[in-house]
Amino acid sequence: MERLKQTKGRAPGLAVVLVGDNPASQVYVSNKTRTGDELGIFNQTLTPPATSTTEEMLEIVYALNRRPDIDGILIQLPLPSQIDTARVLLAVAPHKDVDGFHPCNLGNLATARPGPRPCTPAGIMELLRRNGIPVAGRRAVVIGRSDIVGKPMALLLLHENATVTICHSKTADLPGVCREADILVAAIGRPAMVTRDFIKPGATVIDVGINRVEDRDEAARIFRNDASRLARFDKTGRVLVGDVHPLDVDEVAGAYTPVPGGVGPLTIAMLMMNTIAACEQS
Ligand code: NAP
């Protein structure tokens, strides 16, 4: 960071656009800006109102594209329904697209050219690498085919020479396909859907899902009436659960990422890496 400040005469700069007052988005953004502060990355959060139009959002993005002190632009999703999300993301200059969502950068990813990678899948690859989990030659199954998680995840695993299968809501015999996986990535958005019958014993299971459960009966079903876990629910009236069943994965998997605390912090770390890389290349 010091070297960058000396060569560029300034710290890397990140602009976060947080539209409206979605409480989950506010938490995600404050985690990101706090990490930016800790690392010495200049960051600024813009908070247009929930009533903003697509045109107003485009003006904000164009202005950020022009600012020399901003290396990275992050549009916190989801945007309110009246805003055309695809148009707004497309307006972000590809070299400032630290989320890696721009079609130019997704094309770079598909063709294994350099460029910012979507943060969550990139963080998962880093996690596999740092934990010495081999990828080449192994069977990987990704549940979910979104542009921001499932598809880039599958491509990154493919580039590291895994044999990759992508599953979705129309996949036949989903548990059977998942049981073939040495590395199973769940990016679905369905609390505790991946139960023990999806998991090959000893497999590495990556749980991307972040689901807020606020119904006590649902929490009791997921935690199978485990008193200590339900006591935690009773304190706040809600609990965060991944897409993978927390009790089953603990018994069957060889390694897994917990929710919360697994994949989420890595996503933020990769966002900071993308911002620093964008500054280096500016
Ligand atoms: P998304 O765009 O809603 O995509 C969900 C995918 O899951 C879709 O491809 C969908 O299939 C598939 N799916 C849904 N129900 C299914 C079922 N019953 N069986 C098989 N596949 C099913 O979600 P996303 O943006 O990828 O996010 C997924 C989860 O990850 C969410 O919980 C999100 O909050 C979380 N997330 C976490 C982080 C992090 O930093 N930890 C980052 C991003 C997202 P179809 O395509 O057929 O509809």
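The structure holds one cavity of 30 Å³ or more. Here a cavity is a set of points, on a 1 Å grid over the protein atoms alone, where a 1.4 Å probe fits but cannot get out. In general, rolling a probe the size of a water molecule over the atoms shows where empty space is left. Before we go on, note that this is a predicted model: local features need pLDDT of at least 70, side-chain atom pairs count only at pLDDT 80 or more, and totals for chains, interfaces and linings use all residues. Residues are numbered from 1 along each chain as its sequence is written, and side-chain values use heavy atoms, with hydrogens and water left out.

The largest cavity contains about 40 Å³, where a volume is the space filled by probe spheres set on grid points, which are joined across faces, edges and corners. Its lining consists of Ile73, Leu74, Ile75, Leu89, Val92, Asp97, Asp99 and Phe101; lining residues have an atom within 4 Å of a point. Six of the lining residues are nonpolar, none polar and two charged. For these classes, Ala, Val, Leu, Ile, Met, Phe, Trp, Tyr, Cys and Pro count as nonpolar, Asp, Glu, Lys and Arg as charged, and the others, Gly among them, as polar.

Which strand gives the most to the lining of the largest cavity? That's strand 3, with three residues. Strands (E, at least two residues) and helices (H or I, at least four) are DSSP runs, numbered from the N terminus.

Strand 3 also belongs to a sheet. Three strands make up this open sheet, in the order 2-1-3, with parallel pairing. Strand 2 (42-46) and strand 3 (72-75) are the edge strands, and each pairs on one side only. Two strands count as a pair if DSSP finds at least two bridges between them. From one strand to the next, the twist averages 15°. Strand 1 (residues 13-17) is joined to strand 2 by five bridges, and Leu14 stands opposite Asn43 in strand 2. Lying across strand 1, strand 2 and strand 3 is helix 3 (residues 54-66), which runs at about 160° to strand 3. Angles like this run from 0 to 180 degrees between N-to-C directions, and the axes are lines fitted to C-alpha atoms, for helices over the stretch in contact. Contact means heavy atoms within 4.5 Å.

Five strands form it in the order 5-4-6-7-10, and the pairing is parallel. Its edge strands are strand 5 (163-167) and strand 10 (255-256). Strand 4 (residues 139-143) and strand 6 (residues 183-186) run parallel, joined by four bridges, with Ile143 opposite Ala186 in strand 6.

Now for a pair of helices. Helix 6 (residues 119-130) and helix 7 (residues 150-159) pack at about 35°, their axes 9 Å apart. Pro121, Ala122, Ile124, Met125 and Leu128 in helix 6 meet Pro152, Met153, Leu156 and Leu157 in helix 7. By class, that contact has nine nonpolar, no polar and no charged residues.

Asn161 lies in the loop between helix 7 and strand 5. Its phi is near 70°, a positive value in a residue other than glycine.

Last comes a pocket, which is an open set of points with protein on both sides within 12 Å along at least five of seven lines. The second largest pocket has a volume of about 430 Å³. How many residues line the second largest pocket? There are 22, and Pro116, Asn274, Ala277, Ala278 and Gln281 lie nearest its centre. Helix 12 (residues 263-281) gives the most to this lining, with six residues. By class, the lining of the second largest pocket has eleven nonpolar, five polar and six charged residues.
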